[in-house]
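Colleague: Please take a close look at one part of this model for me. I'd like to know what it is made of and what sits around it.

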Amino acid sequence: MKNEKINVTVPCRFCNAKYAIEMTTAQFDELQSPHRRHIQDIIPELAPEMRELFISGMCPSCWDKLFGYEDEE
């Protein structure tokens with residue numbers, strides 16, 4: 001069933017934290033395809049910082065540590 005909801009566990013390749021991402025089986029199947037659309041077109045309901053986990057393997061926490069902005073005083 002293509003619209004069945006599943007949870008996919010995606011690990012951060014930097015800190016090894018694991019994130020459970022809910023998606024349909026059709027979305028999961030398309031993510032596995034070498035000829036897929038952009039991640040934002042496949043899973044538009046997923047927050048951009050969580051889509052980054054699929055793109056770079058970096059979780060939101062690691063992203064903030066690496067690229068976060070410091071307050072200027």
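Modeller: Let's start at glycine 57, which comes just after H3 and takes a positive phi of about 85 degrees. (Helices are DSSP runs of H or I with at least four residues, strands are runs of E with at least two, and both are numbered from the N terminus.) Before going on: this is a predicted model, where local features need pLDDT of at least 70, side-chain atom pairs count only at pLDDT 80 or more, and totals for chains, interfaces and linings use all residues. Residues are numbered from 1 along each chain as its sequence is written, and side-chain values use heavy atoms, with hydrogens and water left out.

Now back up into H3 itself. Its buried residues are Met50, Arg51 and Leu53. They cover an arc of only 140 degrees around the axis, so they sit on the same side of H3. That arc is taken from the directions running from the helix axis to the C-beta atoms. Over on the other side of H3, Pro48 and Ile55 are exposed. (Buried means under 20% relative accessible area, exposed means over 50%, and partly exposed is in between, using a 1.4 Å probe and protein chains only.) Here's a handy rule: an α-helix has 3.6 residues a turn, so residues three or four places apart point the same way.

What do the buried residues of H3 pack against? S1, S2, H2 and H4. Contact here means heavy atoms within 4.5 Å.

Leu31 brings in another helix: in H1 (residues 25-32), Thr25, Gln27 and Leu31 are buried. Looking down the axis of H1, these buried residues fall within an arc of 160 degrees, so they line one face of the helix. Leaving out residues up to four places away in sequence, leucine 31 touches Met23, Arg36, Ile39, Ile42, Ile43 and Phe54.

Finally, a look at H4 (residues 60-67), where leucine 66 has its place. With 54% relative accessibility, leucine 66 counts as exposed.
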